[in-house]
Structures are given as structure tokens and as C-alpha cells.
Amino acid sequence: MHSCHSDGILSGAELIALAAQRNVECLSITDHDAISVYADILDNPPEQLQIIVGCEFSSVWGATTVHIVGLNLDLNSSVLKEAMQIQNSARIMRSESIAANLEKRGFAGALEGAKTIAGQASIGRPHFARFLIDNGHAKDHKQAFKKYLGAGKIGDVKAQWQPIEQICRWIADAGGVAVLAHPLKYKLTQTKLKCLVQDFKQAGGQAIEVISGFQPTDKTRIISKLADEFDLYASVGSDFHQPGQPWADLGMIPDLPKQCRPVWDLWL
Ligand code: AMP
Ligand code: MN
């Protein structure tokens, strides 16, 4: 799930309160290229909820942007701190390019606008979406992506993300487990997806997100087969950003298929 330290709405404390209300036993907040939420919550850890420190790293595989979740990271790791700085710089540079493209299109003040909306959070396209909506250029988030920010549109700027090998190395060096996030979101052919999973495994990846949000069982079957074939642990992600999202909700994830080995078996 995501907090207001990236493109989610809730604070760490609010996420934890909602999770506790829903009887969640174990969770990880995986902000995009940021771990700052943990500074807020680990001083005051909840009693009946295990928190696994995590982060969703943006990465690149060939020409495809992919997301790799690092779970069970050591917050004191110097490698992790350095990795966050590198990721953050890439995000800032990308936001400048996105803004330049939007400004050329006549949307003045895009950079300042998105930065103000992001505040202390790790800046991303959803903040530009908010800027476009607030200024009457798009009617909602979905339209902002469809017209300006989604794949192939002017705001879909390729950032200088690190390759999957580097991300997996950072995660391992920080004591964590690398998980390939939402494999079906990259819209790869079956053959290419298999290549990605193979390369990910080769890079030291240990787990794959078998379930992402309210996912139909036929999709779950495709990914659990890949987990089996490449001997990967299975993870589940809500991709929760805010209450009321149609595609996901906190603590409402379907169960993993029986043959999967849950990634949390590694540390529970
Ligand atoms: P970024 O990390 O800046 O590339 O933004 C990625 C986030 O934007 C994702 O986690 C989604 O929340 C959102 N997003 C990406 N693509 C779309 C899309 N086509 N429609 C709506 N939201 C999207
Ligand atoms: Mn993602």
C-alpha cells in the first residue's frame, strides 16, 4: 500500500489504524521510491500488527518501466539511504521533463503546481494528474492519465531508472527480499513476461506478486504458474492508495493459491 509519502492519501498512522480495524495481521507500506513513512510509524508501533519495512522501486527492463518491491529492508542500511537518494534524483529530473512537456502544451505552472501538491512526498505522475484536474485541464485522474500522463502520452517521460540488477542488489544489500510487482501490468506478451521473470530471478529476485488488488482468478493462475516455474515466493499487494478505489482495498486481498509459498513465511 501507499501513503501520503508518495501518491497515497493516508498517513502511516491512518493506514495502520485502518488495517487494524480490518484485522490485518501483517502489512508493508511500499511507497514509490521512498521510505520516509517509517520515520513516522516505527516510534509508535502497533501491538497486534506486524510491520514489514518495504519500498516500491521504479526500475527499467529494456524499454519497459517495471516496479520491484523490496520487503523486510533494514532502515539503517547505508546502501538503502544512498539508493533512495538516487531514486529521488531520478524522480525530480523526470518531474522537470514532464512539466516541460506539459508547459509546451500550454499548461503553465505545471512544475510548481505538482511540487506544491506533492509537498514532502516522492513526486510522481499522480501529482501532475491532480494539478491538471485542479486547473480544469482534466475531469478526473483517469482522464488525466488517458490524455496526458499514461503510456505514450506527453507526460509519460522515461526516467533514468536503474536496471533490475541494480535494484535487486540494493535490496539484497539492505537485507531485504526483492519482489516483482504486478507482473501483468506491464502488458508484455507471455514470452516477454517469461523473459522478464527469468532475468529478475537471475538478478537475485526471490518473489513475485501473485495477487494485486481485486484480481480475477485466471490472472492469478498465470502468475502462480510463473512462481512455480521459477521457484519464487509469492506475495500479495493491495495497491491501496486511498479509500474508495474500485480496483483494490486495504486488507481485502483474495487468498493465495494453495501451491504458492507465501513470502511472509521468510520472517513471520
Ligand atoms: P509514477 O510512479 O510517477 O510513474 O506513477 C505511477 C502511479 O501512477 C501508479 O502507481 C498509479 O497509481 C498511477 N498510474 C499509472 N498509470 C496509470 C493509468 N493509466 N491510469 C491511472 N493511474 C495510473
Ligand atoms: Mn506499482
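This is a predicted model: local features need pLDDT of at least 70, side-chain atom pairs count only at pLDDT 80 or more; totals for chains, interfaces and linings use all residues.
Where in the chain is the place of Asp231? Asp231 is located in the loop between helix H9 (217-229) and E8.

Asp231 is not a glycine, yet its phi is positive, at about 55 degrees. With a relative accessible area of 47%, Asp231 is partly exposed, since that class lies between the 20% and 50% limits.

Asn23 likewise is not a glycine and has a positive phi, here of about 60 degrees. Asn23 belongs to the loop between helix H1 (12-21) and strand E1 (26-27). Its relative accessibility of 64% places Asn23 in the exposed class, because exposed means over 50%. As background, most residues other than glycine have a negative phi.

## The site of ligand 1

The shell around ligand 1 consists of Asp7, His32, Arg91, Arg94, Gly124, Arg125, Pro126, His141, Phe145 and His241. By class, these shell residues comprise two nonpolar, four polar and four charged. Three helices each contribute at least two residues to the shell: helix H3 (78-104), helix H5 (125-134) and helix H6 (141-149).

Which atoms of ligand 1 approach the side chains of His32 and His141? For His32, an oxygen atom of the ligand lies 3.1 Å from an N or O atom in the side chain. For His141, a nitrogen atom of ligand 1 is 3.1 Å from an N or O atom in the side chain. The contact with Arg125 involves the backbone: a polar backbone atom of Arg125 is 2.7 Å from an oxygen atom of ligand 1. On its own, ligand 1 has 500 Å² of accessible area, of which the protein covers 72%.

Glu56 and His182 link distant parts of the chain, being 126 residues apart. Glu56 sits in strand E3 (residues 54-61), whereas His182 sits in the loop between strand E6 (177-180) and helix H8 (190-202). Both Glu56 and His182 are buried.

## Aromatic pairs

How many aromatic pairs does a search of the whole structure find? The search finds two. One of them joins Phe57 and Trp170 in a tilted arrangement, with 6.5 Å from centre to centre and 35 degrees between the planes. Phe57 is part of strand E3 and Trp170 is part of helix H7 (residues 164-173), so this pair ties together parts that are 113 residues apart in sequence. Phe57 has 0% relative accessibility and counts as buried; Trp170, with a relative accessible area of 8%, is buried as well.

Phe107 and Tyr148 form an edge-to-face pair, 5.1 Å centre to centre and with 85 degrees between the planes. Phe107 lies in the loop between H3 and helix H4 (110-118), and Tyr148 lies in helix H6, so that the pair links distant parts of the chain, 41 residues apart. Phe107 is buried at 9% relative accessibility, and Tyr148 is buried at 7%.

Gln245 occurs in the segment after strand E8 (233-237). Its relative accessible area is 7%, and Gln245 is therefore buried, the limit for that class being under 20%. The side chain of Gln245 reaches the backbone nitrogen of Gln242 at 3.4 Å. A polar atom of the Gln245 side chain also lies 3.5 Å from the backbone oxygen of Ala248.

## Further positions

Ile253 is also placed in the segment after E8. Its relative accessible area is 27%, which makes Ile253 partly exposed. Ile253 and Ile211 are 42 residues apart along the chain, and their C-alpha atoms are separated by 7.6 Å.

Is Ala203 buried or exposed? Ala203 counts as buried because its relative accessibility is 19% and the class requires a value under 20%. Ala203 is found in the loop between H8 and strand E7 (207-212). From Ala203 to Ile29 the C-alpha to C-alpha distance is 24 Å, and the two residues are 174 apart in sequence.

Notes: Residues are numbered from 1 along each chain as its sequence is written. Chains are lettered from A and ligands numbered from 1 in the order in which they are written. Side-chain values use heavy atoms; hydrogens and water are left out. A residue is near a molecule or strand if one of its heavy atoms lies within 4 Å of it. A polar contact is a pair of N or O atoms within 3.5 Å; within protein, one must be able to donate a hydrogen and the other to accept it, and residues adjacent in sequence count only if both atoms are side-chain atoms. Accessible areas come from the Shrake-Rupley method with a 1.4 Å probe; for residues, only the protein chains shown count as cover. Helices (H or I, at least four residues) and strands (E, at least two) are DSSP runs, numbered from the N terminus. Ala, Val, Leu, Ile, Met, Phe, Trp, Tyr, Cys and Pro count as nonpolar, Asp, Glu, Lys and Arg as charged, and the others, Gly among them, as polar. Buried means under 20% relative accessible area, exposed over 50%, partly exposed in between (1.4 Å probe, protein chains only). Rings of Phe, Tyr and Trp (its six-membered ring) pair if their centres lie within 6.5 Å; planes under 30 degrees apart count as stacked, over 60 as edge-to-face and the rest as tilted.
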